[in-house]
There are 2 protein chains.
Amino acid sequence: MSAKCILEFDLIPMKKDTLQTIAERTGFSKSTVSRVVSGQGRRYRISEAAISKIQDEIRACGYTPDLIAQGLRTRRTNTVGLTIPSIDNPFFASLSGNIITRLKRCGYNILLSDSMETEENERAAINSFVSRKVDGIIAVPVSKSPSFIEGVSASIPVVLIDRYYENTFLPYVCTDNYAGARRATEYLLSKGYRNIMAIQGVRSSMPNKERVNGFLDAVRLGGTPDAEGFVTGDSFSVENGAREIEAVLSAGRKIDAVFAFSTTILLGVIRSLREHGLRIPDDVAVVSFDDNVFLDYMDPPISRVAQNTDRMGEATVDILMKLMSSSGSGGESGMEDGQMLIMPELIIRGSC
Amino acid sequence: MSAKCILEFDLIPMKKDTLQTIAERTGFSKSTVSRVVSGQGRRYRISEAAISKIQDEIRACGYTPDLIAQGLRTRRTNTVGLTIPSIDNPFFASLSGNIITRLKRCGYNILLSDSMETEENERAAINSFVSRKVDGIIAVPVSKSPSFIEGVSASIPVVLIDRYYENTFLPYVCTDNYAGARRATEYLLSKGYRNIMAIQGVRSSMPNKERVNGFLDAVRLGGTPDAEGFVTGDSFSVENGAREIEAVLSAGRKIDAVFAFSTTILLGVIRSLREHGLRIPDDVAVVSFDDNVFLDYMDPPISRVAQNTDRMGEATVDILMKLMSSSGSGGESGMEDGQMLIMPELIIRGSC
DNA sequence: TGTGGTTGCGCAATCGATTGAGCAAAAGTA
DNA sequence: TACTTTTGCTCAATCGATTGCGCAACCACA
């Protein structure tokens, strides 16, 4: 009790040190102290004696620059804003973790916002990033149109990830969804499956469109004229997966394989198939999009198109760092090399 | 191309507006504009005419206060620092999502740091929070000792979550790990299981210790004198789960139930049991700690002690808000009502 | 002694917003 | 008319760090 009081009396006044107080205590000016603190002593010809005296004092009182004041003066905050649709989604969690770790290594802190898939939250988050003068923004965009983000990118570098827009100069990093879906479908065909059902997510999103294209191209161009494929569904949810299986089975349509476009859809598929007494892969084969450690522990383990979150995070941070160092705005340099697709990995397990 | 140039010329100068420029354009002073912007016009007797003229101009040019400058002047940043051991862990992801959403509702932004279970990263993150003048800190601490965080809490409110320390005045919100482990074990006993193996995680952590206590108390005080329970293992990892099962089986020890102290441990257990051809729950029953949607889709679905991340997030944010509004420091008020345990839910499925 | 160069450091403006104090004009009161 | 009160707004200091410019002291050299 009394110990705590002493603690507070010790700490609260102690925290008051600033360039000014250190200057007074060492007998130098704020300017000199500032230059020593930022390690620019030699460059500004501060004497060795002065440097070490000031450094001693700094160490003694544990001084740390006020990053708010610094940010005001320098217009750099060493902060990056990150907005994602849902941190609960393991794919985004993995992506975020990767990005956060890499940016920390570069000396940046992260302002994180969860847009919960709404455009309103996304705009609010990005506006907040702008007002907070972040040095850069990484976004998994949920808005239909890129125009708002394009406007922001005129003054702050922006990199999109996972989702993107057609006809935009905004740099992005995405999985090659077309290639992933096509490869997985071709694998199913090569194993002899002929009636393949794909269950898609949000139809308007680019990744979903690309997956549909990859799936349909594989079926059409696969060289197996007896193959049939169809696409159904409309959201990345468990219910969507279950509902669509239900619909197909009760319509009596024949299927021997299902391609779920997300792990959530997959769960619905599994539930519904089980309820109908259908076994995987004997009655129906299953492939999914997205990776997750649990998929290896299902019975049977699930084959899947695994997005490489590690490389996606790496590429995103690389691009952003380049943009941030080259200029204040994302303008020119994004056009040439800022848009890239990461190849996903097809992981084969017992489900097909 | 030329369109983009026009865009930039349009936007970059536009972003230059500040209280000063708006003051000049409307003919009032910075003070007056500031008061109107912050909605204090009436309180400071600004005339209706002036208010609406200024508001029109603000809307016209899309002015937004510079939060860095505001933070410097007011010493409030409307920002909370959050540090967790690993965003990849679904439990922490869920907790973070909850906290972020709630804090946003209260007008706070989040600086997120992933300490990757190292004390060094944790200290760096918290120091950065302090330098950035966050209004409060929420931490899932990984350090052995609370002293560093206690020091910080003298000047900034801190709330711990999930993990905590003995003999500290720091406020915390945790699952009642003792009660959760005890209830799950009692359930196993009630179903007739008599040789129960518990596989624990990091031994020094409080949650783990409490789970061990709850488990052992249930076995000892359960009123079933023929029951036997033992605890083994040393980390929250898949490998730990597999290794301990392996060891027990190859030692020929008889077990009819396993209590895994985390989902990762559970996965190792499942893998190892399968490799030995043992079936769940017929040969060995299984219960786990932590919730996850996948557990319902395993075969069989896994019984578990589900931590209530929703209530934990709610309680944490409530406590922090109270601390932040009551005073600058976390000092006194944390003692009485700042330490609370949240009861977990026992979810029964087919694994036991 | 005068000129020029170097060394070592301080002055003061600046970033953009906030806020207590205060002032001029208008309105009210006696 | 003189005095007080209210209205409506401005002034200027402040938060803490950065940085271009410049000055004094010292040395070298002729």
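Colleague: What should I know about the model before reading it?

Modeller: It is a predicted model, in which local features need pLDDT of at least 70 and side-chain atom pairs count only at pLDDT 80 or more, while totals for chains, interfaces and linings use all residues. Residues are numbered from 1 along each chain as its sequence is written, chains are lettered from A and ligands numbered from 1 in the order in which they are written, and side-chain values use heavy atoms, with hydrogens and water left out.

Colleague: Which residues come nearest to DNA strand D?

Modeller: A residue is near a strand if one of its heavy atoms lies within 4 Å of it. Of the 29 residues around DNA strand D, those that come nearest are Thr18(A), Tyr63(A), Arg73(A), Thr32(B) and Ser47(B). The largest share of this surface, five residues, comes from H5(A).

Colleague: How is the interface between the two chains described?

Modeller: Buried area is the accessible area (1.4 Å probe) that two parts lose on being put together, summed over both. Between chain A and chain B this is about 5300 Å², with carbon and sulfur atoms giving 63%. In chain A, Ile68(A), Phe294(A) and Tyr297(A) lose the most area to chain B, together 16% of what that side buries.

Colleague: How many salt bridges does the rule find across that interface?

Modeller: A salt bridge is a side-chain nitrogen of Lys or Arg within 4 Å of a carboxyl oxygen of Asp or Glu. The rule finds four across the interface of chain A and chain B; one salt bridge joins Asp66(A) to Arg75(B), whose closest N and O atoms are 3.1 Å apart.

Colleague: Is Asn292(A) buried or exposed?

Modeller: Buried means under 20% relative accessible area, exposed over 50%, and partly exposed in between (1.4 Å probe, protein chains only). Asn292(A) has a relative accessible area of 12%, and is therefore buried. A polar atom of the Asn292(A) side chain lies 2.9 Å from the backbone nitrogen of Phe294(A).

How values were computed. A polar contact is a pair of N or O atoms within 3.5 Å; within protein, one must be able to donate a hydrogen and the other to accept it, and residues adjacent in sequence count only if both atoms are side-chain atoms. Helices (H or I, at least four residues) and strands (E, at least two) are DSSP runs, numbered from the N terminus.
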